[in-house]
Amino acid sequence: MGPVGKTHYEVLGITQNATDHEIKAAWKKVCLKYHPDKMVSSEPAEREAGEKIFHAAKEAEACLLDKKKRKNYDQDLKRYGADPTQRQQTIAVQLWSQRRNNTEVTLPPIELKK
């Protein structure tokens with residue numbers, strides 16, 4: 001998830017039905033504007049914000065260009081919305097209730113960052 005409350009689609013400025021070509025074009029546009037090497041003359045706070053946007057766009061592009069990751073991301077987006085903490089809270093509540101009821105604990109698949 002990108003900057004707080006923004007989906008990968010919002011970070012790149014595209015719609016959910018964007019093609020791979022549109023995703024790549026949006027990524028290049030964000031990269032040209034917010035790449036850390038391009039923001040050398042900016043104020044430190046502006047550079048830091050630009051780096052966050054750049055890394056969020058990098059993560060968004062990697063996720064949306066991979067068909068399997070994009071499918072999982074879209075499912076999670078429908079289920080939990082744009083707030084990444086909502087998914088974590090939902091999983092925690094499920095675990096707690098399953099342990100409380102002495103039932104088998106099952107977790108949804110989680111994509112780990114490298």
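Start by selecting helix α2, residues 20–34: its 15 residues reach 21 Å from the first C-alpha to the last, close to the 21 Å expected at 1.5 Å a residue. That expected span is 1.5 Å times one less than the number of residues. Helices here are DSSP runs of H or I with at least four residues, strands are runs of E with at least two, and both are numbered from the N terminus.

Before moving on, a word about what is on screen. This is a predicted model, in which local features need pLDDT of at least 70 and side-chain atom pairs count only at pLDDT 80 or more, while totals for chains, interfaces and linings use all residues. Residues are numbered from 1 along each chain as its sequence is written, and side-chain values use heavy atoms, leaving out hydrogens and water.

**The whole chain**

Zoom out to see 5 helices and 0 strands. Of the chain's 114 residues, 30% count as buried (under 20% relative accessible area; exposed is over 50% and partly exposed in between, with a 1.4 Å probe and protein chains only).

Now show the side chains of Ile23, Ala26, Trp27, Val30 and Cys31, which are buried in α2. Looking down the axis of α2, you will find these buried residues within an arc of 135°, so they line one face of the helix. The arc is taken from the directions from the helix axis to the C-beta atoms. Turn to the face away from the buried side for the exposed residues His21, Lys28, Lys29, Leu32 and Lys33.

Next, pick Cys31 and Phe54: they are 23 residues apart in sequence, yet their C-alpha atoms are 6.2 Å apart in space.

**Last stop: α4**

Finally, select α4, residues 67–80. Buried here are Arg70, Tyr73, Asp74, Asp76, Leu77 and Tyr80. They cover an arc of only 165° around the axis, which puts them on the same side of α4. The face turned away carries exposed Lys67, Lys68, Lys71, Lys78 and Arg79. Just after α4, look for Gly81, with a positive phi of about 80°.
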